[in-house]
Every structure is written in C-alpha cells, then in structure tokens.
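Here is a model to look at with questions in hand.

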Amino acid sequence: MMPATFTRVVRSAQVLCRNTHSQTCLREIIGEELCKIKEAGTWKCERVITSKQGSLITVEGHQKEKILNFCGNNYLGLASHPDVITAAHDALEKYGAGLSSVRFICGTQDIHKELERKIADFHQRDDAILYPSCFDANAGIFECLLTPRDAVFSDELNHASIIDGIRLCKARKHRYLHRDMSDLEQHLKEEKNARIKLIVTDGVFSMDGNIAPLNKICKLANEYGALVFVDEAHATGFFGKTGRGTEEFYDIVGQVDIINSTLGKAMGGASGGYTTGPKELIDLLRQRGRPYLFSNSLPPPVVAAGIKAFDMVLNSNKLAERVRHNTKRFRDSMMKAGFTVAGENHPICPIMLCEERLATVFADEMLGKGIYVIGFSYPVVPKGKARIRVQISASHSDEDIDKAVTAFIEVGKKLNVIP
C-alpha cells in the first residue's frame, strides 16, 4: 500500500495536469475568438485618460498637450464642475467612503433619501429608488413587475441593459421594429388578455441619437390599455426645454408611467441609476428588486454629487441651452462639409463611416489632431454601420466646436470620406 503522503502528491499532480490542460484549451478557444475580432477590424483599444473628465483632457501618450474631448456622456459638463466636486468631497468627509452594506440592512443615509426625493420632484413623480447603475435599474424592474400573465413590448434597438432585464422576466415578449408604430400596434392587438401590457423604449437611442416617438407611443398605450416605460439615460438633465427629457421634448410630461435614468451621464457623471414612478411600484422594488436588495448602497460622494447636479439643473436652464446651441453649431457645420450625421438635433452626433477599419483609423487620425473621439463598430453597432459617435457638451466653447469640425474636414478629405 502506498504511503498517504505519496498518494496526496500523486493526486495533486493529476489535478494540476488536468487544470493545466483545461486552461490550455480555454486559452486556445478564446485566442481564436480574439483573432477573429482583430481580423474583422473591430478590436477596441482602451485609451487611458490621465486627467479629470471634461472638455479638455490629457491622454496617455499625449501628455504634453491638452486634448479636446468629444466622446463623453458629460452633456452638462458637471463631471468636473467645482461645485459638484466640492459637494462630493464634503460628503466624503461627513459620511465616509461607503456604507459597506445594502440599503435595508445598514446602508441608507439621509442623503440617499434626499436624492430620491429630488429625483421624484424633478420628474414630477410619486417616489424614486436608487441603484448602483441604470443597468441595475433596468435589470431589476421587469423581473419584479411582470409575470407569465403579462406582456412586454420592446423596441428592437433598446439598450443592452433593457434587453437583458427583459430576458429575466417571465412575461410574453414582443420586439417591435425600431420606432415603427404600426408594428407596435400589431403586437398590442395580439395581447388582448394580458394582465399588464408594458411598452418599453429608450427615450433617446444612444448609438443613433434619434428619439422615440413617445407622443405616439403614449397614444397607443391609452388606446390599448398599456403602460409606458422609458429609459432616459441620454435625456435627463439636458433634453427638453428644462432638461426633463423626452416627455418634455414632446410636451407630454406626466404621461409616461415609469422612468429609469442615470446619474452617470449628465447628472454628475459618476455612477448610479434610478427608477421613478408610482409609489406602489417603488415600494415593490424596495421589497423585491434583486439589484437593490443585494448590491451595496451608492457611495456618499456619488450621492452628494447627484444632489448638487439636480440642484443646478432645477435652478437654471443655462447649461441645457448651451448644449442645444453647441449641438446645432456642430451638426450644421458637419452636414455643410458633406458628412452624413445621424440622429435628430440631439448632442449625440454619429458621423456615419460604415466601414469598421475606417472608423478606427479615422479616430486615430483625429487624436493626432488633438480631438478625442472613438470609432464604434460591431457588436456595439450593427455590421456595416460603423461610425464616430461625437457627443457635445455644455462645456465646449464655439472655438472648441469649430476646431473639431476643422479636424473632421481635414481627416475626412485625407481618408476620402468627403470630397
């Protein structure tokens, strides 16, 4: 009989051999996939920013110069606004770095409740609930609200977080053609006996910068007894006359039943998402929403930054007006130069290039001219729909806009995109 020590050594060697073989196979399988991504020209390199987020940044490898940033969701320029930074710093000193817990155990502070009240007041809703991100807000609501007796109707180009959230629920699922009201109505007609019928759409579609026909959606919802859910991540704070989003853009404030949005874009730029709507819904999410119940509370500095951002938007429309001014200046100049600019008068301005490699090369050439933009390609956008997604901020000056347009024209001519 072999000694016990020798037996353990042999078994350990066998386990190590199996693990080594498995890892080798895994590396080979993944390596093949990575090669395919590179060969397709859709490999995504992460540039490293070495400064605060803002209209002017420094980028690793370009440390000696300031780069104009036209590729952030920082629509109001609040991510590095001194008042927002001060509010976050003060909260760090008073409340600490984090709660080390979830909300219902020992993770709720008075500032969490204050921010939720401000969000509800801003959107003119009963109540609101905070999440670590809008992705979590979208991941938690459909599973919690919808049952096999219900039906959900989702625009085919909705954000990935909505798609993933809907997958988790047991409702009957319908996907309607992008912004196609005839197709949506046909699906609604098929669900006469559903307990809850929920129409789900982005307010503004992030890859294309186009706007959901929310007024028509709400009209169909009234006709067919449906509820309306809107993700306003790319609208809250700056879209519409006073920044209240797609509802305000169509002058139908109050007609949407449920709004999800984020603090991580215009409203401070850090992190955090929320749902706002009927009190009963918010109460249900506090009791059963898995991302809420099983994720740590938002850190106090992030909460304080969000409070300050909402205060600033509630007190003045100047930043939203500046975004609109900058957006028009950029779009008009780019279209005059011969570029194809997708979207509809929104600060998301996709410059359509179609070819994946071209988008990557174009972005690299722009960085060489001091303009930070990124090429978007599959799977972020459909194959053959590659683009440079420019995003305009209130912090951009007229001179910044004109410099970016000039660079686009120079690179566009060099790469034969425009004549």
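This is a predicted model: local features need pLDDT of at least 70, side-chain atom pairs count only at pLDDT 80 or more; totals for chains, interfaces and linings use all residues.

Q: What makes H14 oblique to H15?

A: The axes of H14 and H15 (residues 398–414) come within 10 Å and cross at roughly 130°. That angle makes H14 oblique to H15. The classes are roughly parallel (under 35 degrees), roughly antiparallel (over 145), roughly perpendicular (65 to 115) and oblique (the rest). Angles run from 0 to 180 degrees between N-to-C directions, with axes fitted to C-alpha atoms over the stretch in contact.

Q: How do H7 and H8 lie to each other, and why?

A: H7 (residues 181–189) and H8 (residues 214–224) pack at about 20°, with their axes 11 Å apart. H7 and H8 are therefore roughly parallel. H7 passes H8 in a right-handed crossing.

**A sheet**

Q: What makes S1 and S2 partners?

A: Two bridges join S1 to S2 (residues 67–69), and the strands run antiparallel. Pairing takes at least two bridges found by DSSP. Ile57 has Ile67 of S2 as its bridge partner.

Q: Why do S1 and S11 count as edges?

A: The open sheet has three strands, ordered S1-S2-S11, with mixed pairing. S1 (56–57) and S11 (371–372) each have a single partner strand, so one side of each is left without a neighbour in the sheet.

**Pockets and cavities**

Q: How do you know where empty space is left?

A: Rolling a probe the size of a water molecule over the atoms shows it. On a 1 Å grid over the protein atoms alone, a cavity holds points where a 1.4 Å probe fits but cannot get out; a pocket is an open set with protein on both sides within 12 Å along at least five of seven lines; lining residues have an atom within 4 Å of a point.

Q: What lines the largest pocket?

A: This pocket holds about 810 Å³ of space. It has 39 lining residues, and closest to its centre are Cys71, Ile374, Phe376, Val380 and Arg389. H14 gives the largest share, four residues. The lining has 15 nonpolar, 17 polar and seven charged residues. Charged means Asp, Glu, Lys and Arg; nonpolar means Ala, Val, Leu, Ile, Met, Phe, Trp, Tyr, Cys and Pro; the others, Gly among them, are polar.

Q: Which residues lie nearest the centre of the second largest pocket?

A: Leu157, Met207, Val380, Val381 and Pro382 do, out of 19 lining residues. Its space is about 460 Å³. The lining has 11 nonpolar, three polar and five charged residues.

Q: How many cavities of 30 Å³ or more does the search find?

A: Two. The largest has about 60 Å³ of space, and its lining includes Arg103 and Tyr292.

Technical notes. Residues are numbered from 1 along each chain as its sequence is written. Side-chain values use heavy atoms; hydrogens and water are left out. Grid points are joined across faces, edges and corners, and a volume is the space filled by probe spheres set on the points. A crossing is left-handed if the near helix is turned anticlockwise from the far one by less than a right angle, and right-handed if clockwise.
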